[in-house]
Amino acid sequence: MTEMATATATQPKALHRASAWLHRRPKLRLGMLLGPPMAWMLVVYLGALTLLFLTGFWSQNVLTAEVQRTWGLENYQEILSSAAYRTIALRTLGIAFAVMTTDIILALPVAYFAARVARPTTRVLLLLSITLPLWSSYLVRVYAWRVILSGTGLLNWTLGKLQLGALDIEYSNWSVWIVFSYLWLPFVALPIYTALERVPTSYIEASADLGAKWWLTFRRVVLPIAFPGIVAGAMFAFALTLGDYIVPILAGNTLFIGNVIYQSVGVANNVPFAAAYAVVPAVIMGVYLIGARKLGAFEAL
Amino acid sequence: MPDIRLEGLTKEFKEMVAVDHIDLTIEEGEFFSLLGPSGCGKTTTLRMIGGFEDPTEGHIYLGGSEVTGLPPYKRNVNTVFQSYALFPHLNVHDNVAYGLKRKKVAGDEIKSRVHEMLDIVDLPGYEQRRINQLSGGQQQRVALARALVNRPALLLLDEPLGALDLKLRKTMQLELKRIQGDVGITFVYVTHDQEEAMTMSNRIAVMNAGHFEQVGAPQDVYELPATEFVSGFLGASNLLEGEIESVNGPTAKVALELGATVALPADRLPTRQGRIGIGVRPEKIHIQDASAADASSRANAIEAMVRMSTYTGVSTSYECRTSDGSPVVVYVQNLGSSSVSIGAGTRVRLSWDPEHTFAVKRVAKAEDDGDKTATAMEGART
């Protein structure tokens, strides 16, 4: 009886001692807690980014197509001096901004309606219809748009019925813009919905009480308070467009940053150049994130 | 000139009547309180005046013209919200200036009026502070300044002191009253705190279940509660069952269930005959040891037994039971250090002035039924 009692008592005692020892060392505790995720972040993410950046300084042997591990600035020089690569980077940036803006404009009214006007059942249906496309394959959705936008597709059929002529936007930057805008809309709409929903009703009532009509209240109170959330949502559309290479292949006829990288790795086996060019979107994203941080977008996440 | 008039104002929510046909007139410059327990409809009434809720029925007049159905921004009314609802992305100046900017007041005038208003609410020089840098009491003052700076005909306040601690509440109560006197604007104040309502108001409307139980000056509502609910909601009160015995000119006599007969001014009776409740406030009762009673001049007297006496510093409270089991509470101020308290179990004589006696209608149906069965059983036994 007593033996059993002591046997069960020793184990908790050791545990107690260990926990007391840890209790007196808060820094060690913090280190143990934060260690694994920090290591993950450092090794997998920052480590990979650094390697990518460094790989960009290597080069490819023109004759053997082998990677030469000698340091040089050729890749970066080519990217900066070549008009073609600059055009591709600017095109990607332009489409990314266009998609982001389009999605904000499309998402704001829907999100506002869902967050502040709709009754609970309507709200659920709306949010469901926004997120439903995410349950189907990305490729299926892109192909669906190809069908819609093709010369004899739904778009031109509808325009024809309305006696409005026809649009030839199949395989163009227009169709890339439309498909991207469609694909990323849920990612933009949901954060905006959350941001608008979090604006307390009493702020809106107070604004009306102080003499502001609906539009003024929206502009002076709702929008500024929800703004960080809007920037956060827009970030998804921007970043996802910047990195995608499948939509330009399937729906477009021009190259984007992603295509250049994809071809450099897959076709030309020029990993160093691909790495150097991959630094371009990373830098753009870095600048964007600094801007977003200034606007307070991270406080809203 | 009446500043605000409500006529048959009603608000129905799904399967529930929040406000039930209320009529009310508030005069210009009044400090008027809507007092009642939570869910009594006081906030809904305020929100209808402010334009945040549309009444199901009835009319609202402000300064003589009807505003029913108008949106808040078209009413010359401002509100201090329970949560203050200060805009977090604007500083103190921009919060206070918000209403003036919407009215397109000139920039210089906005500046001077904001400045002046911050002086009035005792926050001079706070223009550039951010809202989250302010304490609860300071936020409350900014909310008040933001509403008052528009010089509304009427200011609505929805439990504005609810979030403050007790000491700050007391200070702000007096402060609010001072500011109201300074600006001379009609205040309609919603609270569930009877002491707060009595401290600040010219008149109080006691609300219960969507209707007004009584409207009157604090003294009237406290001293002469019209209903059982009011007598119970405003402070402690003692209610005894009785039947009207006779009405003789200005004086009425009521036979209490417990045996004694008490007198009170006849105009206080809710009915001319039948069963009523007779009430008296605890501090109005004189308590004496029954053996040493001097049968003083106070005309109304009953016998009771002390069950517990509690010393609370300022006063001593006695919980007594009458012969029929009704509880009676008595407060006695602790005037001298030598005052000997009366212990539990002592038989006492409780007496009070007929002037301090009030009468309320008996509405508690269930109790009446219970009484009937009791008498029926007694009848059966005899």
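Trainee: In which sense do strand 15 of chain B and strand 19 of chain B run, joined by four bridges?
Mentor: This is a predicted model, in which local features need pLDDT of at least 70 and side-chain atom pairs count only at pLDDT 80 or more, while totals for chains, interfaces and linings use all residues. Residues are numbered from 1 along each chain as its sequence is written, and chains are lettered from A and ligands numbered from 1 in the order in which they are written. Strands are DSSP runs (E, at least two residues), as helices are (H or I, at least four), numbered from the N terminus, and two strands pair if DSSP finds at least two bridges between them. Strand 15 of chain B and strand 19 of chain B have four bridges, and they run antiparallel.

Trainee: Which residue of strand 19 of chain B stands opposite His286(B)?
Mentor: Look also at Ala301(B), whose bridge partner in strand 19 of chain B is Ser351(B). His286(B) stands opposite a residue of strand 19 of chain B too, and that residue is Ser351(B).

Trainee: How many bridges pair strand 16 of chain B with strand 19 of chain B?
Mentor: Strand 16 covers residues 300-311 of chain B. Its pairing with strand 19 of chain B is in the antiparallel sense, and the number of bridges is six.

Trainee: Why is strand 19 of chain B described as largely enclosed by the rest of the structure?
Mentor: A residue is buried if 20 or more other C-beta atoms lie within 10 Å of its own, exposed if 12 or fewer, and partly exposed in between, with C-beta atoms placed from the backbone. Strand 19 spans residues 347-352 of chain B, and it is largely enclosed because the buried share of its six residues is five.

Trainee: Which residue in strand 18 of chain B stands opposite Ser317(B)?
Mentor: Strand 17 (residues 315-322) of chain B runs antiparallel to strand 18 of chain B, and seven bridges join them. In strand 18 of chain B, the residue opposite Ser317(B) is Tyr331(B).

Trainee: What is the bridge partner of Ser246(B) in strand 12 of chain B?
Mentor: Strand 11 (residues 238-248) and strand 12 (residues 251-256) of chain B run antiparallel and are joined by six bridges. In strand 12 of chain B, Ser246(B) has as its bridge partner Lys253(B).

Trainee: How far apart are the centres of domain 1 of chain B and domain 2 of chain B?
Mentor: The domain bounds come from an automatic or database domain assignment, which divides chain B into domain 1 (2-223) and domain 2 (236-377). Taken over C-alpha atoms, the separation of the centres of these two domains of chain B is 39 Å.

Trainee: Which element gives the most to the side of chain B that touches chain A?
Mentor: Two residues are in contact if their C-beta atoms, placed from the backbone, lie within 7 Å, and here the contact takes 18 residues from chain B and 15 residues from chain A. The elements of chain B that give two or more residues to this side are strand 6 (77-80) and helix 2 (92-102). With three residues, the element that gives the most is helix 2 of chain B.

Trainee: Over which residues of chain B is the pLDDT below 50?
Mentor: pLDDT is the predictor's confidence in each residue, from 0 to 100. Chain B averages 88, and 92% of the residues score at least 70. Where pLDDT is low, the predicted coordinates should not be read in detail. In chain B, the stretch with pLDDT below 50 has one contact in the model beyond near neighbours in sequence, and it covers residues 365-382.
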